[in-house]
Amino acid sequence: MGEQPIFTTRAHVFQIDPNTKKNWMPASKQAVTVSYFYDVTRNSYRIISVDGAKVIINSTITPNMTFTKTSQKFGQWADSRANTVFGLGFSSEQQLTKFAEKFQEVKEAAKIAKDKTQEKIETSSNHSQASSVNGTDDEKASHAGPANTHLKSENDKLKIALTQSAANVKKWEIELQTLRESNARLTTALQESAASVEQWKRQFSICRDENDRLRNKIDELEEQCSEINREKEKNTQLKRRIEELEAELREKETELKDLRKQSEIIPQLMSECEYVSEKLEAAERDNQNLEDKVRSLKTDIEESKYRQRHLKVELKSFLEVLDGKIDDLHDFRRGLSKLGTDN
């Protein structure tokens, strides 16, 4: 079955400067595909990235490797076999997080696979030692054949993996060419859109100028209409004022006629006024007399009240004396009665 991709992403690839061991050197001019591959036959995992026909990452993951996030969008890991440090720059923090999680998952799987392989090697070694105790030198020599066969098998697997990688590179080149053609079409469409936008901008500018001119014309017409309406309102007010003045004139003429009629009866009114004045003077004299009488009556009433109070005092004194006389009379009667009783 060979190697199969289990996770793929895109990132900018960097390698540490072998001289300074500090500065990063770009391994790709743009973002490239970075994939995790699983070899079913060897039970191993690799990170592979190809830029065109050049393999820029071929890192077999071991349990001792560690992926470190150095920023929100950048991560790195050291490969002792390749004697370098790889760095990946992602377009988003989410992509970096997914890649780091996959690295940890693959690292755990590689550790489990290594433990299983170690157990098989130990079992095989024990079996070989037991066989070598009982075997001869010829038998030992015969064991070299399977080892070469195993190496040959491993070599064939590597050749198959390389062939598959070349096929994948060819496929990626086709995809890249397709993307370039699509990019060219998009660029052409963008240029056409830009030309259309410029044309629309010119048409919009013309329409905007025409709209401004029409608005100015509408404003002028509205101003003229406003002036006409103001003139109409003034005319209406003048008409109402004229009608009011005509009504006032008619009222004044009516009043003048009434005054003329009244002027004809003024002598009669004057004579009546003199008569009324005489009556008024007589009434005033009568009123004065009545007031004098009222004052006299008030004086009489006051005197009468005084006399009444004096009479009440005298009556009270008389009644008191009378009561005394009555008491004396009663005493006298009682005395007479007593005398008659004694005789």
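Start in helix α1 (residues 93-134): select Glu-105 and Lys-102, which are three residues apart there, about one helical turn. Helices here are DSSP runs of H or I with at least four residues, numbered from the N terminus. This is a predicted model, in which local features need pLDDT of at least 70 and side-chain atom pairs count only at pLDDT 80 or more, while totals for chains, interfaces and linings use all residues. Residues are numbered from 1 along each chain as its sequence is written, and side-chain values use heavy atoms, with hydrogens and water left out.

The side chains of Glu-105 and Lys-102 form a salt bridge, 3.4 Å from N to O. The term means a side-chain nitrogen of Lys or Arg within 4 Å of a carboxyl oxygen of Asp or Glu. Lys-102 is buried at 17% relative accessible area, whereas Glu-105 is partly exposed at 48%. Buried means under 20%, exposed over 50%, and partly exposed in between (1.4 Å probe, protein chains only).

Next, select Glu-244 and Arg-241 in helix α3, three residues apart. Their closest N and O atoms are 3.4 Å apart, in a salt bridge. Glu-244 is partly exposed at 43% relative accessibility.

Then go to helix α4 (residues 266-342) and select Asp-331 and Arg-334, separated by about one helical turn. In this salt bridge the closest N and O atoms are 1.9 Å apart. Arg-334 is exposed, at 51%, and Asp-331 is partly exposed, at 42%.

How many salt bridges does a search of the whole structure find? The search finds seven.

Terms used: Helix = DSSP H or I, 4+ residues; strand = E, 2+ residues; numbered from the N terminus.
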